[in-house]
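Thank you for making time this morning. I would like to take you through one model, beginning with the ligand and then moving out to some side-chain pairs and a few backbone details.

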Amino acid sequence: MSSNQHYSFFHSVERSFDKAAKFTKWDLGILEQIKACNSVYQMRFPVKLDNGKIEVIEAYRVQHSQHKSPCKGGIRFSDEVNQDEVMALASLMTYKCAIVNVPFGGGKGGIKINPKKYSTYELEKITRRYTAELVKKNFIGPGIDVPAPDYGTGPREMSWIVDTYASLKPGEIDAAGCVTGKPVTQGGVRGRTEATGLGVFFGIREVCNMPDVMQKLGLTIGVENKKVVVQGLGNVGYHSAKFFREAGAKVIALAEYEGAIFNENGLNEEEVFQHRKATGSILNFPGATNLAKNSDALELACDILIPAALENVINGENAPRVQAKIIGEAANGPCTPEADEVFIKKGILCVPDMYLNAGGVTVSYFEWLKNLSHVRYGRMEKRFTENMNTHILSQIEELTGKNVTESERKFIMHGPDEHDLVHSGLEETMINATREIMDVWKDNPEIPDMRTAAYVSAINKVATSYAELGIFP
Ligand code: NAD
């Protein structure tokens with residue numbers, strides 16, 4: 001595109017949708033309804049800054065689909081926020097939730113500010129006022145629309161939101177479920193921090209466990225000993241690398257914005273992270289080779305490439321030089337449509353972002369369930385399971401006359417806590433979603449790539465929901 005002036009992110013999502021819709025059998029009317037953004041709330045409100053001046057803030061909340069309630073999606077604080085972008089992101093949330101069977105419609109919010117330019121107190125005032133505006137218009141609530149963190153927001157902002165909501169809705173017993181991504185002390189769930197990276201790992205591991213897929217790619221089954229390259233050592237990249245390494249894969253290269261490092265025997269992400277913290281750079285890590293450019297890491301010979309930093313890093317220009325067999329899109333939009341075309345030609349399997357990085361929203365769903373049930377995961381069964389396991393083990397030891405090792409005993413007796421259950425729920429979710437997408441693809445070999453298959457899977461689920469719901473007259 002020669003200029004960004006006429007580029008619409010929302011239209012580009014619609015184009016991807018249309019491309020996939022061709023592989024479905026749904027009525028045009030239903031497809032049009034799925035694509036449409038149901039409710040768009042654009043607001044302006046004043047905030048008094050620390051210097052006494054008043055600034056008018058522009059903000060949005062979009063509810064793309066109510067085929068399931070509530071709507072779900074993050075809130076972004078960024079200078080770049082605009083209605084088109086929030087609409088696009090809200091619609092992507094509908095498809096993402098459908099793919100991973102999280103029973104929510106898509107939503108997204110945005111406040112057009114650069115959070116770095118405001119004091120903590122100003123940010124608190126903006127967040128609380130935004131929440132109050134959402135309450136006024138019935139645009140937030142555990143059964144209506146449940147925001148979460150996105151660019152520029154985190155647990156702190158979610159705390160302000162839940163506190164404002166609860167104070168405006170006295171006595172609402174489920175108030176904590178009005179937002180997710182809260183600190184654990186405020187009703188958040190354990191296991192959220194690593195959720196996206198762990199989901200990336202579970203998704204790719206499932207792909208690697210599919211004999212037909214591996215055979216086509218010329219790879220052995222399983223992640224063990226696979227050579228992995230990770231771009232970005234932030235939240236998602238760090239945890240993806242950690243779970244791959246723990247599963248026996250070799251993370252042969254890591255890239256950060258200042259450069260990339262390579263060691264064919266494998267790198268330990270925590271040691272690299274500490275080295276970067278101490279020296280300010282990923283480079284010169286003991287035992288590793290520095291690569292000339294950080295983007296060189298993307299072109300290394302490896303089995304699995306995980307871009308976990310930015311969008312558009314693999315494009316028409318460098319895609320022909322990518323040597324990985326599998327690309328796991330941990331970041332949002334790391335590969336351009338031109339890159340997708342190259343991957344199809346080269347037989348590279350690109351595992352798409354919309355489903356692969358859905359660990360965050362999946363665990364958000366668990367947080368919301370926890371809030372509605374008013375009980376921590378594991379509280380009811382942990383002790384019971386431990387007592388039962390102890391009993392079973394002692395019976396086995398008595399009957400066989402043999403004792404298990406201390407570490408085995410600890411492992412067998414352990415009853416599940418919140419971490420265990422959240423991880424297990426995420427594992428189940430990612431395995432199922434992977435299989436469903438692959439089944440859609442197998443059923444229709446005309447579908448060009450896994451991204452389109454993921455869209456088809458999403459469209460089928462949302463359309464079924466509309467068809468079974470009937471359209472309210
Ligand atoms: P983050 O800010 O924690 O990490 C990003 C890292 O990438 C940073 O360490 C940054 O220095 C590095 N980076 C920047 N430019 C780079 C470059 N050119 N080369 C190599 N590294 C570079 O962010 P995050 O939360 O890990 O998110 C990463 C991506 O994953 C984003 O696209 C985000 O939208 C997506 N994502 C995140 C989540 C989540 O739960 N955090 C969920 C879904 C999708």
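This is a predicted model: local features need pLDDT of at least 70, side-chain atom pairs count only at pLDDT 80 or more; totals for chains, interfaces and linings use all residues.

Residues are numbered from 1 along each chain as its sequence is written, and side-chain values use heavy atoms, with hydrogens and water left out.

Let me start with the ligand. There are 19 residues around the ligand, and those that come nearest are Thr196, Asn235, Val236, Glu256 and Asn332, where a residue is taken as near if one of its heavy atoms lies within 4 Å of the molecule. By residue class, this shell divides into ten nonpolar, eight polar and one charged; here Ala, Val, Leu, Ile, Met, Phe, Trp, Tyr, Cys and Pro count as nonpolar, Asp, Glu, Lys and Arg as charged, and the others, Gly among them, as polar.

Which polar side-chain atoms lie at what distance from the ligand? An N or O atom in the side chain of Glu256 is 2.5 Å from an oxygen atom of the ligand. For Asn332, a polar side-chain atom lies 3.0 Å from an oxygen atom of the ligand, and for Asn294 a polar side-chain atom lies 3.2 Å from a nitrogen atom of the ligand. On its own the ligand has 820 Å² of accessible area, of which the protein covers 71%; such areas come from the Shrake-Rupley method with a 1.4 Å probe, and for residues only the protein chains shown count as cover. The elements that give two or more residues to the shell are α8 (235-246) and β7 (250-256), with helices (H or I, at least four residues) and strands (E, at least two) taken as DSSP runs and numbered from the N terminus.

I turn now to the salt bridges. The structure holds 31 of them, each being a side-chain nitrogen of Lys or Arg within 4 Å of a carboxyl oxygen of Asp or Glu. One of these pairs Glu124 with Arg128 at 2.8 Å, N to O; the two are separated by about one helical turn because they are four residues apart in helix α4 (residues 120-136). Glu124 is partly exposed, with a relative accessible area of 22%, and Arg128 is also partly exposed, at 25%, where buried means under 20% relative accessible area, exposed over 50%, and partly exposed in between (1.4 Å probe, protein chains only).

Another salt bridge, between Arg190 and Glu418, is 2.9 Å from N to O. Arg190 lies in the loop between α5 (155-168) and α6 (195-208) and Glu418 in helix α15 (residues 418-443), so this pair ties together parts that are 228 residues apart in sequence. Arg190 is partly exposed at 33% relative accessibility, whereas Glu418 is buried at 2%. Salt bridges that share partners also join Arg76, Glu85, Lys108 and Asp150 into one network.

Next come the two buried residues. Glu269 lies in helix α9 (residues 269-279) and is buried, at 2% relative accessibility. Its side chain makes a polar contact of 2.7 Å with the side chain of Arg245, a polar contact being a pair of N or O atoms within 3.5 Å; within protein, one must be able to donate a hydrogen and the other to accept it, and residues adjacent in sequence count only if both atoms are side-chain atoms. Leaving aside neighbours within four places in sequence, Glu269 is in contact (heavy atoms within 4.5 Å) with residues including Leu233, Tyr238 and Lys242. The C-alpha atoms of Glu269 and Lys242 are separated by 6.2 Å, although these residues are 27 residues apart along the chain.

Thr24, in the loop between α1 (9-21) and α2 (28-35), is buried at 13% relative accessibility, and its side chain reaches the backbone oxygen of Ala21 at 2.8 Å.

Finally, the backbone. A cis peptide bond joins Ser69 and Pro70, with omega about 0°, and Pro70 is found in the loop between β2 (54-63) and β3 (71-77). Asn101, in the loop between α3 (83-99) and β4 (105-111), has a positive phi near 55°, and Asn312, in the loop between β10 (304-307) and β11 (326-328), has a positive phi near 60°.
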